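Please read this report alongside the sequence and the 3D view that follow. It moves from a single residue to the ligand and then to a helix.

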Amino acid sequence: MADTYDLIVLGSGPGGYVAAIRASQLGLKVAIVERERLGGICLNWGCIPTKALLRSAEVYHYMTHAAQYGLSVEKPSFSLEKVVDRSRKVAGQLNAGVKGLMKKNKVAVHEGVGTITGADKNGGKLSVVQGDKTTELTAKHIIVATGARARDLPFAKADGERIWTYRHAMVPPAMPTKLLVIGSGAIGVEFASFYNDMGAEVTIVEMLDRIMPVEDAEVSEFMTKQLTKFGMTIKTKTGLEKLEATASGVKAAMKGPDGKVETAEFSHAIVAIGIVPNTENIGLDKLGIETDRGHIKTDGYGRTNVDGIWAIGDVTGAPWLAHKASHEGVIAAEAIAQALGNKDVHPHAMDKGNIPGCTYSRPQVASVGFTEAKAKEAGYQVKVGKFPFIGNGKAIALGEAEGFVKTVFDAKTGELLGAHMVGAEVTEMIQGYVVARQLETTEAELMETVFAHPTISESMHESGLAAYGRAIHI
Ligand SMILES: Cc1cc2nc3c(=O)[nH]c(=O)nc-3n(C[C@H](O)[C@H](O)[C@H](O)COP(=O)(O)OP(=O)(O)OC[C@H]3O[C@@H](n4cnc5c(N)ncnc54)[C@H](O)[C@@H]3O)c2cc1C
């Protein structure tokens, strides 16, 4: 007899485990299936362990710059092994936390590889294989939350020795001396920042005309200047033609904007050119589930084109972020509870315009909503404000006076269309603007808001004031 549930969640990343908890809170009988570690990429190989590594790099940076604060540290040094060990322990702690949450919320955990074997109006079937054991499960609804994996270069597969994906870069067999980072999205820039601060010579290569291409152009420009000042080499409009592991490192052939191919040697390379959704071998083809460039197509509630099958998180497409996955998980769980007769839940469809994006490099980058260029492209007349951290007392006191806040308003209505920040602590500050966007805040409310002094967040106030010619400290 198959175990029967109201809901089975396939994959236990921040999409899957959050959906499972929310469904359980709503009284559903829930199971979750995981082939690796509870918590998915985010807790085990993504968001959290990278932040632990970056924290070590930040502390090391302060140690090597202690004199700026009137302090002295004799011969700062580090053990890469211990830095990595700390990061793995942090990941382990969170993995154990998710195990505890599953227990607390009475979510049945099935370890193994899950495949959907059928779906009709009455529900779905799923088999879980672990070793030579197969468990058959049935449920009224199934959520696919299988996430994504690193994209390999077509001509050079990551080998874990010299050519790394993010997984290898997180548990490096050796400290790179000369590192090539291929791709300048958040993951590439975070690893570039980590290894640069730990003493490696870092080159970033980016095919497009600027690094961090999804960010506002002024943020990209500022980051290029800062990272170059910190010692990195940045090559934009440059395509990687070839990458070969050699006995002592890697050899890269890169075609620059002038069409010339340059060959250079590095000790290691990190490939950070995007992700591939995990949609193979989970039974999607047989069910006729529609995909778009590999990602499962869903409506704003996570419904696929097949009754009873839902999908959330990285497997459904951009932005590939943990908080987007979790939010989709909550919406799908509530929509499923509603479909099962719960009249007290009223889920709202996902609004992708209000999802913040953060990069935890040094300096940090954070943004939400329209860039200036995208707002103009969308037909808005804009009012733009910008406030540099050099005008902010707290930033100066912290020794972090390099950065800025840029805000984009609709000139007609005053609506806050987007906010873009670079500098210390901005990944914590962005939430202020996310709430503002969620509440459809205009310039008037932002100007009326009292910001605590001294905080770097006062720059958020000043940026709004600057858009209307009213900034005080500049
Ligand atoms: C280096 C790195 C840093 C990142 N940093 C951030 C960050 O700072 N902030 C942020 O928001 N996002 C970050 N991300 C992205 C974030 O990790 C993902 O967006 C998030 O994990 C997606 O969650 P998910 O639930 O969709 O899938 P995942 O976390 O990928 O989880 C999917 C789970 O499904 C399991 N699975 C897949 N197929 C099967 C199967 N057939 N049977 C059983 N189990 C299966 C997998 O083992 C996995 O555990 C980072 C990613 C990386 C790689």
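Which residues does Gly123 touch, not counting residues up to four places away in sequence? Gly123 touches Gly118, Ala139 and Lys140, where contact means heavy atoms within 4.5 Å. This is a predicted model, in which local features need pLDDT of at least 70 and side-chain atom pairs count only at pLDDT 80 or more, whereas totals for chains, interfaces and linings use all residues. Residues are numbered from 1 along each chain as its sequence is written, and side-chain values use heavy atoms, with hydrogens and water left out.

Gly123 is found in strand E5 (residues 123-130); helices (H or I, at least four residues) and strands (E, at least two) are DSSP runs, numbered from the N terminus. At 12% relative accessibility, Gly123 counts as buried, a term that means under 20% relative accessible area, with exposed meaning over 50% and partly exposed in between (1.4 Å probe, protein chains only). The C-alpha atoms of Gly123 and Asn354 are separated by 33 Å, and the two residues are 231 residues apart along the chain.

**Annotated positions**

An unreviewed UniProt entry places the feature "binding site" at Lys51, Gly114 and Asp314; UniProt positions are given in the numbering used here, feature names are shortened, and annotations may be inferred rather than shown by experiment. These positions span 264 residues in sequence, and their farthest two C-alpha atoms are 30.0 Å apart, so they do not all gather at one spot.

Gly114 lies in strand E4 (residues 113-120) and is buried, at 4% relative accessibility. Not counting residues up to four places away in sequence, Gly114 touches Leu10, Val33, Leu126, Ser127, Val128, Asn281 and Ile282. Asp314, by contrast, sits in the loop between strand E19 (309-311) and helix H9 (322-339), and Asp314 is partly exposed, with a relative accessible area of 22%.

**Around the ligand**

The ligand is surrounded by 39 residues, the closest being Gly15, Glu34, Lys51, Asp314 and Ala322; a residue is near a molecule if one of its heavy atoms lies within 4 Å of it. The table gives polar contacts, that is, pairs of N or O atoms within 3.5 Å.

| Residue | Atom facing an oxygen atom of the ligand | Distance |
|---|---|---|
| Gly15 | polar backbone atom | 2.9 Å |
| Lys51 | N or O atom in the side chain | 2.7 Å |
| Asp314 | N or O atom in the side chain | 2.8 Å |

Taken alone the ligand exposes 1,000 Å², and the protein buries 95% of that, with accessible areas coming from the Shrake-Rupley method with a 1.4 Å probe. Two or more residues of the shell come from each of strand E2 (30-34), helix H2 (40-45), helix H3 (47-64), E4, helix H5 (166-170) and H9. H2 gives the most to this shell, with four residues.

**A covered helix**

Helix H14 (residues 458-467) is mostly covered, since nine of its 10 residues are buried; among them are Met460, His461 and Leu465. The buried residues of H14 pack against strand E22 (382-388), strand E23 (404-410), strand E24 (416-423), helix H12 (426-438) and helix H13 (443-448). Just after H14, Gly469 takes a positive phi of about 70°.

Conventions
A polar contact is a pair of N or O atoms within 3.5 Å; within protein, one must be able to donate a hydrogen and the other to accept it, and residues adjacent in sequence count only if both atoms are side-chain atoms.
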